[in-house]
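Biologist: Hi! I'm new to this one, could you walk me through it?
Modeller: Happy to, let's have a look together.
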Amino acid sequence: MEIKQSEFVISAVVPNQYPQDNRVEIAFVGRSNVGKSSLINTLVNRRKLVKVSGTPGKTRLVNFFLINNEFYFVDLPGYGYAKVSKSEKESWGKVIERYLTGREQLKKVMLLVDCRHKPTEDDIIMYKWIKHYNYDAIIVATKIDKLKKAELRKNLKVIRETFELSDDEEILTFSSLKKLGKEELLDAIEQCINN
Ligand SMILES: Nc1nc2c(ncn2[C@@H]2O[C@H](COP(=O)(O)OP(=O)(O)O)[C@@H](O)[C@H]2O)c(=O)[nH]1
Ligand SMILES: [Mg+2]
């Protein structure tokens, strides 16, 4: 699949601002700074569709982007940023939870983790939430340009074990810097859109 068209639609604060047209949605979630904005920009071949690293952890909005006039990318707020207050963390949880509740058109949640680190408690909670709400998740290991092949292989094993993935669950790998893994991720997206 090639993404030829992408446009920002809305930063939603409350669910009645979400698009109402029932197009399929693919959501992206992960810790702040994991490379989520960069990954989306890489997928859509644009440098600035999504803002890269403004104030991490400050966006409590659900951002919708219309892709090829056919489906939406949904950029969920990043979590795990150390310097936010407890109340801000709770408001983050509410924003994500509200989006994940009964969103029938949501076909896949891409859960991004930095390939250099063992997934955190927050990552595991996020993964369990996605499963709890009966959505499909794909783990995407980001910033793979930062590791040598052998290190990457080792870390992917740790990531796999931490999420307790079954053998048929694949981890995708990605580098926005080196444009690695783009085709594979787009293929996975295409598959769930056509299903
Ligand atoms: N080396 C490397 N750095 C990256 C990559 N993707 C993002 N970054 C950097 O990581 C930081 C956070 O990226 P951003 O996309 O804003 O992350 P977000 O907070 O998850 O949206 C920025 O300094 C990016 O330049 C990547 O694939 N490789
Ligand atoms: Mg971002």
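This is a predicted model: local features need pLDDT of at least 70, side-chain atom pairs count only at pLDDT 80 or more; totals for chains, interfaces and linings use all residues.

Biologist: Great. Which residues come nearest to ligand 1?
Modeller: There are 16 residues around ligand 1, and Asn33, Ser37, Ser38, Asp145 and Ser176 come nearest.

Biologist: How does that shell divide into nonpolar, polar and charged?
Modeller: The shell around ligand 1 has 8 polar, 5 charged and 3 nonpolar residues.

Biologist: And which side chain has an N or O atom 2.8 Å from a ligand oxygen?
Modeller: That's Ser37. The backbone takes part too: an N or O atom in the backbone of Gly35 is 2.9 Å from an oxygen atom of ligand 1, and for a backbone N or O atom of Leu177 the distance to a ligand oxygen is 3.3 Å.

Biologist: How much of the ligand does the protein bury?
Modeller: Ligand 1 exposes 580 Å² when taken alone, and 77% of that is buried by the protein.

Biologist: New topic: why is strand S3 said to be largely enclosed?
Modeller: Because 6 of the 6 residues in S3, residues 62-67, are buried. Val62, Phe64 and Leu66 sit on one side, with Asn63, Phe65 and Ile67 on the other, so to speak a strand with both faces covered.

Biologist: What does S3 pair with?
Modeller: Strand S1 (residues 6-12) pairs antiparallel with S3 over 6 bridges, and Ala12 stands opposite Val62. S3 also runs antiparallel to strand S4 (residues 71-75), joined by 5 bridges; there, Asp75 is the bridge partner of Asn63.

Biologist: Which residue takes a positive phi in the S3 and S4 hairpin?
Modeller: Asn68, with phi near 50°; the hairpin has 3 residues between the strands.

Technical notes
Residues are numbered from 1 along each chain as its sequence is written. Chains are lettered from A and ligands numbered from 1 in the order in which they are written. Side-chain values use heavy atoms; hydrogens and water are left out. A residue is near a molecule or strand if one of its heavy atoms lies within 4 Å of it. A polar contact is a pair of N or O atoms within 3.5 Å; within protein, one must be able to donate a hydrogen and the other to accept it, and residues adjacent in sequence count only if both atoms are side-chain atoms. Accessible areas come from the Shrake-Rupley method with a 1.4 Å probe; for residues, only the protein chains shown count as cover. Ala, Val, Leu, Ile, Met, Phe, Trp, Tyr, Cys and Pro count as nonpolar, Asp, Glu, Lys and Arg as charged, and the others, Gly among them, as polar. Buried means under 20% relative accessible area, exposed over 50%, partly exposed in between (1.4 Å probe, protein chains only). Helices (H or I, at least four residues) and strands (E, at least two) are DSSP runs, numbered from the N terminus. Two strands pair if DSSP finds at least two bridges between them.
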